[in-house]
Amino acid sequence: MRESDGSGDKMLSGGGPGAPAAFRSPLRPRDTADVADAVRDAAALGVPLRIRGAGHWLDAGRPVPASACVLDVSALRGITEYNPGDLTLTAGAGTTLAEIDEATRANGQWLPLDPAGATTATLGATLATASCGPLASALGLPRDLALGLEFVDGRGIVVRGGGRVVKNVAGFDLVRLTVGAWGTLGVITEATVRLRARPEAECTMALDAPRETGTLALLLRALREAPLTPIATELVDATFRAGNGDRGSDAVLVRLAGNAASVAAQRRHVESLGTARELPASAWDRLAAADPDGAFTVRISHRPSRVADLWHAIATATAEIEGAVRHASIERGVVRLIVPATAHEVVAPLVRCLASHASVLGERLPRAAWEALPAVTDRLSRGVRAAFDPHQILNPGLLAPMA
Amino acid sequence: MSHDALGAALAAIVGERQVLVRPSELLVYATDGLPGYRKQPGIAVFPRTRDELVQVVRLLAREGVPFVPRGAGTGLSGGALADGSVLLGLNRLTRVLSVDAENRLAVVEPGVVNVHLTRAVAPYGLHYAPDPSSQAACTIGGNVAENAGGPHCLKYGVTLNHVVALTVILPDGDIVTLGSADGERDGYDLVGCFVGSEGCFGVALDATVRLTRNPQAVRTLLADFTSMDAAARATSAIIAAGIVPAALEMMDQATIRAVEASIYAAGYPTDAAAVLLMELDGLEAGIDVDVEKLRTICLDGGARAVRIARDEGERTRLWQGRKKAFGAMGRISSHLVVQDAVIPRTRLPEVLRLIAQIGAAERLSVCNVFHAGDGNLHPNIPYNANDPDESARVHRAMRAIMRACVDAGGSVTGEHGIGLDKIDYMPRIFSPESLDAMCRLRAVFDPARRANPGKVVPVRSCREWTQAPATR
């Protein structure tokens, strides 16, 4: 997940001093029934809950009430069903991405969710926050990979949406509703996900990217239209490269995949587009670990054709910030900006400035910067929140509007 | 408002020729693609512009009149049937509003026919990937409502994976924008909720959909097997080997013979127990390595022969036979139930055997033509709906088949929707609490339950649970 300890460390010890006795220390349910009991009790007493997976990025800096009690679901852990022939896997919400990776690797499969941060992130939190990384544009967003979910809604009722098969249109879609809802509609307790076969062969190329915006736009367009089937195409800046002992300009990292003959041909094509050289696959792990401790991150997005413009605008806006890093999923049109913790004072004005160019989404921000982003207040979102968490006890302050 | 007054008020918006009020004119709208049900609407109205559509929905809202949105009426779950209420025909809103070729996006009105969109964007080397068999007739609006699939969804994903944003008129007349094509937005995935909501959440005024690049290379293969079991096992072996075909379809002998006896004859071997129609696409480089791998898996799995289409003509013929298989079955009988269910792919051999046994026990012939790669079954039964005994046997067989699929860990629909036909199966796969959660979600979009009433979730599921939960 994109959880972190952000600013609310005090709350890790449980509800505030005003909370009822049972909610003064973190709740650690062992199974779904425990979660349902805990939520039901909290709803009856009006105690807000903060749902915790691995606890990496617990509130992302958003204002969460001090009275919130931690509901730690990390004990709901383990793979409950995995049939390689079906390419599906069911696991408890507290199962880590690393565990899933290990279990599926033996069969040449993977769950291609590669959010920034450690692989000790949990499945539940990754889905709840809809976190993903460079692989998402080719292999699926969390919404595309989640097949079924079990969750406990804000009244303590256990709900199951979707199923365990790869295609399913039975009933209204409670899975899409819950993925990306940041736990505000329900506590995810178990999930079934679609796996993919790992590519037979792959190869990562770093293609030098020009500094000038117009030329960069042409290169990105050429890449998007080229006879390539990459599983990731990520523009990274020189600061990121320098931090990895890789001196040079901005570059596009292209992760080519397929069978050996296909990868070889694709590699030749990338080389024909400019100065390119092969990087070890570990370049992707380093990219996932590009966020230093306590760093602030936002995603700035628009149509893919606008990436070069955004890239330039963000570079200009962050020129004075030492250690700021940008990387962009060019096929999704998303630029991710990482600002070191030391620059916290400039983040709010920066976010305001960026929001005038494009859609800006906070991952982790100082409190003041959250206020610079528009709140979600539309009628349907408010209605959904009221329908699934009528007492507004689930992660209040995160994402969802208060009715 | 009386029937006549409502008809007149609608005619004032859309013109008299766009409103049908007489029972004789409405007969044709009493069925959709699913036989066995007749529900005649009280009025049918066909707005031609977005503005007319908005006015119609607002008039219905003011008058508190229930309505059923309908695209081309090719649905196979009875989802577009209106029992005495207003049928809202959207098939005259047929404009492709814009194409952004560089970003591979198109904005379309709900009545755009699926294949027309693909034709409209062909000059850019793009296509719209979800390709239901009815794609020559069905509309994007209907596809969005049903979260439609199709053979190539195995690799490219179903409708949900291709819808980026929607402008929706809610049943009360409010217009809302869901999702965005101009960057990610914070908030709930309301596009994901709307896609597949079967007309119960409102009406899409337009949809922004993702377009897909045409592949550089395509190879179409036909493998012929002497048993269904072997074909089913080969399917599992292909998926397990990590090959992702663009499509992997199975047809059994009954289907093959129906196709070969029709004008859509594709050259399928009529003595085969089953064939697999497979397609690989992607880059020219390396594709034949995968073709060879596929061929080897099939031959090792007992295929008598694997044929590779030599040219576009042969490719088109092989696919036409598959896509028109339902039509070809029209020669066999007066009616055809096209069923839809999903099972885990590894359970294909045993469930196909069970289905054959169920058919035999009810003295019915079951024709299987389906998306094997997804485990998405279509056991179809040709019959005569005017024969009460045969109809009763068909219904018993269908119930038994659904039970077998659910018992195997599957779902009662993979792409056709619940509609009217499958509503009774919902409590088999969802708990009362989960059904109530669906009712609550629906109530956010349509608290009065006027949009496509009586579909998807049994009303009793809502009644039973709306009061109780808070105190449980």
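Strand E12 and strand E15 of chain B, the latter covering residues 305-308, run antiparallel and are joined by 4 bridges, and within E15(B) the bridge partner of Asp224(B) is Ala305(B). Strands here are DSSP runs of at least two residues, helices are H or I runs of at least four, both numbered from the N terminus, and two strands pair if DSSP finds at least two bridges between them.

Please keep in mind that this is a predicted model, in which local features need pLDDT of at least 70 and side-chain atom pairs count only at pLDDT 80 or more, while totals for chains, interfaces and linings use all residues. Residues are numbered from 1 along each chain as its sequence is written, chains are lettered from A and ligands numbered from 1 in the order in which they are written, and side-chain values use heavy atoms, leaving out hydrogens and water.

E12(B) is also joined, by 9 bridges, to strand E14 of chain B, residues 274-282, again antiparallel, with Met278(B) as the bridge partner of Leu221(B). Because 8 of the 9 residues of E12(B), residues 217-225, are buried, this strand is largely enclosed by the rest of the structure; buried means under 20% relative accessible area, with exposed over 50% and partly exposed in between, using a 1.4 Å probe and protein chains only.

Turning to another sheet, chain B has an open one of 5 strands, in the order E5-E6-E10-E8-E9, with antiparallel pairing. Its edge strands, each pairing on one side only, are E5 (96-100) and E9 (175-179) of chain B. Between E8(B), residues 163-169, and E9(B) there are 5 bridges, and Ile169(B) has Ile175(B) as its bridge partner in E9(B).
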